[in-house]
Amino acid sequence: MKLKKIFNRENPNLLAIVIILIVLAVVTMIVATGLGPVSVSPQNTAKILISQIPGCNNLFEPTWTRVEYNIVIGLRIPRVCLGMIVGASLAVCGVTMQALVRNNLADPFILGVSSGAAAFATLGMLFGVFSFLGTYSLSISAFIGSAVTIIFVYMISRVRGRINITQLLLSGVAISMIMDGLTQIIKLSAPNALGLHNAEFWMSGSLAGAKWAYLKLPLIVLIICMIFLQINYRGLNVLLLGEETAGALGVNVKLLQKELVLVASLMAGVTIAVSGTIGFVGLMVPHFTRLLVGGDHRKVLPISALLGGILVVWVDVVARMLIAPEELPVGILTAIIGGPLFIYMLKRQTKEK
Amino acid sequence: MKLEVKNLCYSYGDGDALKGIDLEVAEGEFVGLIGPNGSGKSTALKNIYRGLKPDSGSILLDGEDLLTMPFKKSALKMAVVGQENEVPFDFMVEEIVAMGRSPHKKLFEIDNEDDKYMVHHALEHLGMENMAKKNYLHLSGGEKQRVLIARAVAQESDFYILDEPTNHLDISYQMQIFDFIRRLNVTVLSAIHDLNMAALYCDRLYVLKNGEIVLSGTPEEVLTEENIMNVYGVRSSVTTNPITGKVSITFLPAGINK
């Protein structure tokens, strides 16, 4: 009953929802860290984690084994954290792109942005174009790839100042095919240059290779982009009313659109560089968020971020448990869940027209 | 002078849509923009309310150059009710109206009691207070239009630009909306499709044809049988209605001679 009051569509209690979701996210991280081909009990996981905090290292008698410690600290925690960050970034990226094209069917995967990022990242690796940037060269080439794709898709689907949804989806399909083709060619012609990140990784997405070092850049980008978007939530709302109306409501539309392209490409690029293509998160999460709290971006942004993180972490748990000791790429699972939802939303949208 | 437009030109890329338009709106006036479909009414208004950027020409709002004004500032000076009323996402009526408050808000400011009061007040003004929590997508055309006017009211500016606000609405809503806007005592520049409506509500009219202003003046001066023939190519009978004292136009179908 209380819960119903908090999630009341007409007047949702934003603070309560965010706190509940943060608690849920923390619980998710602890439980998910323990789950996998080798399971560690949540108590032990929590104890191992707490003993990492400076000053708490002698709080508990070590009831865990060395192996458990190594799994938790070396493998699972970075993976779960990466899942949280990637999920949040993809969901928020989805929200941003949907505001940009004024349609809730936009998603980095569907519009080919992921493929663009992957193709540029592989190209970058092969020719070492951005190698002077060191560790971040991969992320930066992925960012450039996503920016190029977003701009392309956006320009192709704009007909007389409006985004045409058919053009949008079709140009997304075409561009992702072109980009995937590029990635394949690169993979086949220079198999050795690709090292850990093979084409399969780019196309189906996986969190399996997570390392602590992968977390920093996506986290920083996520935080910066979230702050920017949260400050501009009114602009995002007004943009949904149409470009012309937005101008009359005090928004510098051209500038905001450019900023949104930048934000969306940044988030998509750095995420995809570390996790490959995990599709449909940016479609599913904003959709459910809007069912919960409506379309106001002040609420949609933080809630999408939290839900996105939680979703990806759990899907990743399933991905590593389902056919253990083998692993499913997490992107395959999100596609299997997200694809039907996309078809349903497409159907519903065409019915409304 | 509230609004002064001089030599406004705009092109969509395929031929000129506006070929040097001059128009003026004085404080407190209700000015109508009429003309056949595709004559450039909507394009002219979009240039004025900053939905499009003019190719050349000048627009002064309250004596200041509109084209270099910050968007927030111009949004405080003029409110727009356009034709575009599809919103792709699930918003409640009060959320749509609250968007009218956005030019008043600073970067980190969230909606306060004043904003809530203004939103409530605007909805009440339009007799929509019961619908505040309704989903905008589920409203009828007339109700949607009223919500957009409420948004303009919440914006608290004293100059309204209306882009055929009563298009596709039945006559009761058309009258209701124009009556309401008249009662607000604001300056209005409106594109109007229906000539009789224009005659009833406007102080002055501008006639656009093929991207040019071809006529201007009071409704009595502009709406003559000869002008209507020249601009629209239809025959009509124009009389003065004894009750309203305004001109009243009856269009004559083929076969009826005067």
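Tutor: The model is a predicted one. A:Ile19 lies in helix H2 of chain A, which spans residues 14-34. A:Ile19 also belongs to a nonpolar surface patch, together with A:Leu15, A:Val23 and A:Val27. The four share about 370 Å² of accessible area.

How far can chain A be trusted? Its mean pLDDT is 84, and 90% of its residues reach 70 or more. Confidence is lowest in helix H1 (residues 2-6) of chain A, with a mean of 60. It is highest in helix H9 (residues 216-231) of chain A, at 94. Where pLDDT is low, predicted coordinates should not be read in detail.

Now turn to chain B. Strand S1 (residues 3-11) and strand S2 (residues 16-25) of chain B run antiparallel, joined by seven bridges. B:Val5 faces B:Leu23 in S2(B). Four residues lie between the strands of this hairpin, and B:Gly13 has a positive phi near 110°.

Chain B also holds an open sheet of six strands, in the order S6-S7-S8-S3-S9-S10, with mixed pairing. Strand S6 (79-81) and strand S10 (212-217) of chain B are the edges, each pairing on one side only. On average, neighbouring strands of this sheet are turned by 15° against each other, direction ignored. Within it, strand S3 (residues 30-34) and strand S9 (residues 204-209) of chain B pair in the parallel sense, over four bridges. There, B:Leu33 stands opposite B:Tyr206 in S9(B).

Conventions: Residues are numbered from 1 along each chain as its sequence is written. Chains are lettered from A and ligands numbered from 1 in the order in which they are written. This is a predicted model: local features need pLDDT of at least 70, side-chain atom pairs count only at pLDDT 80 or more; totals for chains, interfaces and linings use all residues. Side-chain values use heavy atoms; hydrogens and water are left out. Patches are made of residues with over 30% relative accessible area and no salt bridge: like charges are joined within 9 Å, nonpolar side chains (Val, Leu, Ile, Met, Phe, Trp, Tyr) within 5 Å. Accessible areas come from the Shrake-Rupley method with a 1.4 Å probe; for residues, only the protein chains shown count as cover. A salt bridge is a side-chain nitrogen of Lys or Arg within 4 Å of a carboxyl oxygen of Asp or Glu. Helices (H or I, at least four residues) and strands (E, at least two) are DSSP runs, numbered from the N terminus. Two strands pair if DSSP finds at least two bridges between them. pLDDT is the predictor's confidence in each residue, from 0 to 100. Axes are lines fitted to C-alpha atoms, for helices over the stretch in contact, and angles run from 0 to 180 degrees between N-to-C directions.
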